[in-house]
Amino acid sequence: MTVGVFDLFRIGIGPSSSHTVGPMRAARHLAQHLADVPAEAVRVILHGSLALTGTGHGTDRALVAGLNGADPETVDPAFVLDLDPTPERVRLAHGTDVRYRLEKQARGGPPGHPNAMRFEVTGHDGQILLARTYRSIGGGFLTEDGVPQAAEPVSLPLPFTTGEELVAHASGLGGIAAVAAANEHARRPEGDVTAGLRRIAQAMNDCVERGLRSEGELPGGLRVRRRAPALHQSLLTDRGGALEELEWVALWAMAVNEENAAGGRIVTAPTNGAAGVLPAVLRYAQRFEGIDEAGTEQMLLAAAAIGALIKRNASISGAEVGCQGEVGSAAAMAAAALAEALGGSPAQVANAAEIALEHHLGMTCDPIGGLVQIPCIERNALGAGKAIAAAKLALRSDGVHVVSLDNVIDAMRRTGHDMHENYKETARGGLAVSVPAC
């Protein structure tokens, strides 16, 4: 199934698309099927990195909120933060109170993507009335065991499964964004696509603005202070440095990821942990390159096309391939978006994505304390800078490169497969064990 723009860019809450948004969506989906089930208890078993770092990522509260019927896109973040993460009873979406039990089994889970969640609903006699296993595969996406993926609802005019195919389509239309737009218009009316893109862009911008204003400590126990407000004031008063543009880019990315770490409203791009890269590059394009609203929409379309390729042929999940699949993918998407906006040819746009992703290969996912804070916040700032450098470098070339976009996506997939599980969002390796969490 081809991933669409509005599959990839989802409005939700922090701190994690795979560990917060995905579990909330899974619990909500289950709760919607319990109105006619005489449920007495719900048991949830978390596997993989959900079990290991779920507490720091808000998985426990997200499950309770989802069983209540909360939708990640519309729920008040403050409501989720105020929930008891380990209640003895929960109220289901249709109003029934049931006993509740959350268990964590990091090892020995079902085969497949490691982020599995098993829900068991039992009746008054303890017999299982309903059991479902969901997998949170990154970016808020879910799969359900035993349920086949839905077929493409429409026949897309310009389907692509490789970068080579994408560039070939784009060469006939004048741009990669045009390919993504044509496919989106086959799914929904053109006006709805435009309105949706503007809504995504506005949500990203709002997140930056909140991050620039919000002070204090981030939750979770590391006592990490929000730096964006002070950095913002410093940049406003100390202008004209040689690297001022990149300092602004870093600030905007950090503002987003501090909001994410605090559980605020966020847009997956392609995940929450990497959500600051693309908004920062969008702001760079608007402020320093003069890109207007229409250009911003083209950037989102081009970014989504690259993100869809990476998701299809590798992964955007830190639990599956490490942070190369999160910040690396986000940098590739942002680099392609900027190159597209600045008039790059389809080959140059693909080259920009390739350069950005190539220089994130092997990046581990090793958050201290299982929190999306260190090194995640700064990692977004650096990823945004790499994206801009990659776009500029690609635009200075003819788009011909020894390593193709398809090559580097395959290399990322293989690297992620070979990477030890300690470096895949489990908090068992790297910085997570080199720096004390308290």
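This is a predicted model: local features need pLDDT of at least 70, side-chain atom pairs count only at pLDDT 80 or more; totals for chains, interfaces and linings use all residues.
Trainee: What makes the radius of gyration of the chain agree with that of a compact globule?

Mentor: For 438 residues, a compact globule would have a radius of gyration near 22 Å, and the chain has 21 Å, so the two agree. Along its principal axes, the C-alpha trace spans about 70 × 50 × 40 Å.

Trainee: How many helices and strands does the chain have?

Mentor: The secondary structure comprises 18 helices and eight strands. Of the 438 residues, 56% count as buried. The accessible surface comes to about 17,400 Å², and 50% of that surface belongs to carbon and sulfur atoms.

Trainee: What share of the contacts with a separation of 6 or more comes from residues 24 or more positions apart?

Mentor: Such residues account for 76% of those contacts.

Trainee: Why is L52 called partly exposed?

Mentor: Its relative accessible area is 29%. Partly exposed covers the values between the limit for buried, under 20%, and the limit for exposed, over 50%, so a value of 29% belongs to that class. L52 is in helix α3, residues 48-53. Leaving aside neighbours within four places in sequence, L52 is in contact with A106, T426 and R428.

Trainee: Why is H232 called buried?

Mentor: The relative accessibility of H232 is 17%, and buried means under 20%, so H232 counts as buried. This residue lies in helix α9, residues 228-237. Not counting residues up to four places away in sequence, H232 touches L212, W248 and L251.

Trainee: What makes P279 a buried residue?

Mentor: P279 has a relative accessible area of 5%; since the limit is under 20%, P279 is buried. P279 lies in helix α11. Not counting residues up to four places away in sequence, P279 touches M204, V208 and V256. The C-alpha atoms of P279 and A201 are separated by 8.0 Å, although the two residues are 78 residues apart along the chain.

Trainee: How do you know that α11 is largely enclosed by the rest of the structure?

Mentor: Nine of its 12 residues are buried, and therefore α11 is described as largely enclosed. Among the buried residues of α11 are V277, L278, V281 and Y284. The buried residues of α11 pack against α8 (190-213), α10 (244-261), α12 (293-313), α14 (327-341) and α16 (376-395).

Trainee: How do you know that the reach of α11 is close to the expected value?

Mentor: From its first C-alpha to its last, α11 reaches 16 Å, and 16 Å is expected at 1.5 Å a residue. The helix is followed by G290, whose phi is positive, near 70 degrees.

Trainee: What makes α4 a mostly covered helix?

Mentor: Eight of the 10 residues of α4, residues 59-68, are buried. The buried residues include T59, D60, L63 and V64. After α4 comes G69, with a positive phi near 105 degrees.

Trainee: Is A427 buried, partly exposed or exposed, and what is its phi?

Mentor: The relative accessible area of A427 is 23%; because this value lies between 20% and 50%, A427 is partly exposed. Phi of A427 is near 60 degrees, a positive value in a residue other than glycine. A427 is found in the loop between α17 (405-418) and α18 (431-434).

Note on methods: Residues are numbered from 1 along each chain as its sequence is written. Side-chain values use heavy atoms; hydrogens and water are left out. Helices (H or I, at least four residues) and strands (E, at least two) are DSSP runs, numbered from the N terminus. The radius of gyration is taken over C-alpha atoms; the globule rule is 2.2 Å times the number of residues to the power 0.38. Buried means under 20% relative accessible area, exposed over 50%, partly exposed in between (1.4 Å probe, protein chains only). Contact means heavy atoms within 4.5 Å. Accessible areas come from the Shrake-Rupley method with a 1.4 Å probe; for residues, only the protein chains shown count as cover. The expected span of a helix is 1.5 Å times one less than its number of residues.
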